[in-house]
Structures are given as structure tokens and as C-alpha cells.
Amino acid sequence: MKKIFFVLTAVFCTGLLAAGDILDISGDIGLGYMNYSMFTTFRSSALKSQLKEGLSSALGEGNLKYDEPKSSDYYNALGLGLSVKVSYFFTNLTVGFPFRQIPTGYDPLSAKLNTAGISNKLTNSVILDWQLGGGFTLFKNRPLNIFLGAALGIGYVRTSRHLPQSFVKTVTDSHGNAVASRLDEIRSITMLGIGVDVGIKYFFTQHIGIVMDIKDTVYFLPLLNKRFYRGTDVHGRDFTYTITKGNTEDVKSLIKHSWANNFNIRLGVAFRLY
């Protein structure tokens, strides 16, 4: 049985090397830095009507021009990346682990939480950045070569942060009794975009070397945007509360438009099978 296993393994490795020689298979894996930035413009109809009502009451009837509220969220993360190239096609996946959110501007969905002193520290959060596209390699058969590629990008962000007890205690029933003992804010976002990938590789041997990979993706087409709250009630039972508007379970109806940018740079080990 062991002999058969070793024979099959040898055949597989030989086939892989042969395919690599024919298809120009190469790739890399490494660690690096990820910076994810998201920019959101919210619909201002409710805020505008409140302000106009107050101004009309104080100053008389008039026309109101109102700047829509905007917010920006920045995430710095440790990134683990893997890239595989076959001939002129490539795929590149980076997984980021952010530990802190840096918000700026005005987010009406988080305004009440911010006044309660919510922490920007994140727990159990992840950012996925995936590219699928095509490109070409300069000086392919030399020790030092450069890969240039363009791709379709798909990004997924899931962040979680604990709400402070000072806010959790405000979640009460009609009699003023606390009904929750723990509450977390969770965001889940998926977007489509386009990106570029630049890889600089130096090979010490025919098949093994080092790489510096730089890629950047701009996301402009939102597919999913959810913001919900998960917690435990005072009796120890878990629950989930989702913000809804118009009987939908997402916050896209509250957002006028949004876009994001994901920048990655990493160092790692490169390989090629040709």
C-alpha cells in the first residue's frame, strides 16, 4: 500500500511539474500590510426636514440647501496573501485581520453609540480582498522579473466591536428594567470593483525566490451592506437585532452611495514551475 502511495505521489508531482512547464504556473505567499478605507454618503431627507422645521419656526419659511452627511472608516490590518498565476491569468487573495476602526465624519447610524463612548477596538473581524484577472511578466525567465496585472475585485468586510456597558444599561423595557447584559455591533459589507497587481520577484534558484507584491483595488458597486447587533439578554439567551427600513434587512436604503479602497503590500516566498 505504501509503495502504491509513493508511486502515485511521484506521478502527481511529475505531472504538476510538466503542467507548470507548459502552462507557466507560478505564484507566491506572504505576509504584509493592508489598509482598507470606506467612504459613505448618507441620505439626508430626515435630517433635512428636522432642520428645516426648526429654521422655519425660528426665521420663517425659506429654501434649505443641506450638505449630505458623510463618513469615512479606515482599517489597518495584518494581511496574509496568496497569489497563483497560470499563463496570462492570475488570482490573488488577501485576508486581513484589523484590530481597530478609525472613523471620521458623521455616521447617523452610529451617532447615538458614539455619544455613549463606544470603543473603536475590533474583535473577531476580517477583511477579504480577492482579485481575478490577467497580466504579463517582464523578464519572465530571468532571476529578477516583474508582473503587471489588472483584475476584477471582490471585497468582503466583517467587523465586530463591543458596546460599552453604559450604553447596554440604557436598553430597558417600559418599566425601566434592563433587558440586555451584552451587546455587539456587527457590520457586514460586500462590494465589487477593479484593481491592479504589481509583483517584483527575485529567484535565488530556478524555482524558489522572494517577492514584493503590491496591489490596490477600488470598490464602487455595493452588493451587501448589513449592520446588526448581537447580544445576550439578562436571562442568558442570545439574540440578534437588525436595523430595518422598508421591511428590508440591510441599510442600503439609508445610504446614497459608497465606495472603498483596499491597498496591500506584502513580502513573501515566490515559486515557479517552469
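**Notebook: strand 1 and its surroundings**

I started with strand 1 and found that 17 bridges join it to strand 2 (residues 70–86), the two running antiparallel. I am working with a predicted model, in which local features need pLDDT of at least 70 and side-chain atom pairs count only at pLDDT 80 or more, whereas totals for chains, interfaces and linings use all residues. Residues are numbered from 1 along each chain as its sequence is written, and side-chain values use heavy atoms, with hydrogens and water left out.

**Entry 1: the terms and the whole chain**

I took helices (H or I, at least four residues) and strands (E, at least two) as DSSP runs, numbered from the N terminus. On that basis the protein chain has four helices and nine strands, and reading along the sequence I noted the pattern α-β-α-β-β-α-β-β-α-β-β-β-β. I then looked up burial, where buried means under 20% relative accessible area, exposed over 50%, and partly exposed in between (1.4 Å probe, protein chains only). Of the 274 residues, 38% count as buried. The accessible surface comes to about 15,600 Å², and 65% of that belongs to carbon and sulfur atoms; the areas come from the Shrake-Rupley method with a 1.4 Å probe, and for residues only the protein chains shown count as cover. I also looked up contacts, meaning heavy atoms within 4.5 Å, and among those between residues at least 6 apart in sequence, 77% join residues at least 24 apart.

**Entry 2: strand 1 and its two partners**

How many residues of strand 1 are buried? I found 13 of the 18 (residues 25–42), so strand 1 is largely enclosed by the rest of the structure.

I next looked at a nonpolar surface patch of about 830 Å², made by Ile 29, Leu 31, Leu 78, Leu 80, Leu 82, Phe 97, Phe 99, Ile 208 and Val 269. The elements that give two or more residues to this patch are strand 1, strand 2 and strand 3 (89–105), and strand 2 gives the most, with three residues. For the rule, I noted that patches are made of residues with over 30% relative accessible area and no salt bridge, with like charges joined within 9 Å and nonpolar side chains (Val, Leu, Ile, Met, Phe, Trp, Tyr) within 5 Å. Leu 78 is found in strand 2, and it counts as partly exposed because its relative accessibility is 44%. I kept in mind that in a regular strand the side chains alternate between the two faces of the sheet.

**Entry 3: salt bridges**

I used the rule that a salt bridge is a side-chain nitrogen of Lys or Arg within 4 Å of a carboxyl oxygen of Asp or Glu, and by this rule the count comes to 13. The side chains of Asp 28 and Arg 266 meet in one of them (3.0 Å, N to O). That pair links distant parts of the chain, since Asp 28 lies in strand 1 and Arg 266 in strand 9, 238 residues apart. Asp 28 counts as buried at 0% relative accessibility, and Arg 266 counts as buried at 5%. I also found Asp 129 and Lys 215 joined by a salt bridge (2.3 Å, N to O), linking strand 4 (residues 126–138) to strand 7 (residues 208–233) across 86 residues; both Asp 129 and Lys 215 are buried. Elsewhere, Asp 73, Asp 107, Arg 161, Glu 185, Arg 187 and Arg 227 are linked in a network of salt bridges.

Is Asn 261 buried or exposed? Asn 261, which lies in strand 9, counts as buried at 18% relative accessibility. Its side chain makes a polar contact with the side chain of Asp 216 (3.2 Å). Not counting residues up to four places away in sequence, Asn 261 touches Asn 35, Tyr 36, Ser 37, Asp 216, Thr 217 and Val 218.

Notes: Two strands pair if DSSP finds at least two bridges between them. A polar contact is a pair of N or O atoms within 3.5 Å; within protein, one must be able to donate a hydrogen and the other to accept it, and residues adjacent in sequence count only if both atoms are side-chain atoms.
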